[in-house]
Amino acid sequence: MRGHIRTYNLPRPDRLVISTPSRSVHAEFTAGTAVDRFAAVLLWTATLHGTEFGLTYGARDEIRLAATGQTSTGIGLGLTCSGSVFELGGTVEEHDGLNGWTHRFATLPGLPTLAEARTNFASYDELARLVASARTVTPAVAGVAA
């Protein structure tokens, strides 16, 4: 794994778990800004094959990015990070549902609206546009639009 990091000059993850039996690695990015963490995951995935991305809008208005792929030597790699909807230039809306519950939705630049507690798939290009857009905006004040 160190060779992969050096070869591609990749940012070092804050947590790295290597599983020998399954030939897999899990890397987590927790330091820096949300935009920097999302960009780090994208840099890593650009070096992998068969990548897939999932975005989950969760509690505390946080977006979690999970990505998977394989190195050229066949090692499975899972990458994760998270960040505030607002740090990523997004907004949050609440709507009353038919069942009497309030439903929350996050809107991020260049992505379909994300429903709370659901995972949506995204493409590399969509996430790259999100990172580029988030780098150009001042984070919105945490709040909910009705």
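This is a predicted model: local features need pLDDT of at least 70, side-chain atom pairs count only at pLDDT 80 or more; totals for chains, interfaces and linings use all residues.

Trainee: What makes H2 "mostly covered"?

Mentor: Buried means under 20% relative accessible area, and 10 of the 12 residues in H2 are buried. Among them are Arg 37, Phe 38, Leu 42 and Trp 44. The buried residues pack against helix H1 (2-8), strands S3 (49-58), S4 (62-70) and S5 (76-84), and H3.

Trainee: How do you describe the packing of H2 and H3?

Mentor: Two packed helices are described by an angle and a distance between their axes. For H2 (residues 34-45) and H3 (residues 124-134), that's about 145° and 10 Å. H2 passes H3 in a left-handed crossing. On the H2 side, Val 35, Phe 38, Ala 39, Leu 42 and Thr 45 make the contact; from H3 come residues including Tyr 124, Leu 127 and Val 131.

Trainee: Which classes of residue make up that contact of H2 with H3?

Mentor: There are 10 nonpolar residues, 1 polar and no charged ones.

Trainee: And what makes S6 and S7 a pair?

Mentor: The cut-off is at least two bridges. S6 (residues 91-96) and S7 (residues 102-107) have 6, in the antiparallel sense, so by that definition they pair. Asp 96 stands opposite Thr 102 in S7. The hairpin has 5 residues between the strands, and Gly 100 takes a positive phi near 90°.

Conventions
Residues are numbered from 1 along each chain as its sequence is written. Side-chain values use heavy atoms; hydrogens and water are left out. Axes are lines fitted to C-alpha atoms, for helices over the stretch in contact, and angles run from 0 to 180 degrees between N-to-C directions. Helices (H or I, at least four residues) and strands (E, at least two) are DSSP runs, numbered from the N terminus. A crossing is left-handed if the near helix is turned anticlockwise from the far one by less than a right angle, and right-handed if clockwise. Contact means heavy atoms within 4.5 Å. Ala, Val, Leu, Ile, Met, Phe, Trp, Tyr, Cys and Pro count as nonpolar, Asp, Glu, Lys and Arg as charged, and the others, Gly among them, as polar. Buried means under 20% relative accessible area, exposed over 50%, partly exposed in between (1.4 Å probe, protein chains only).
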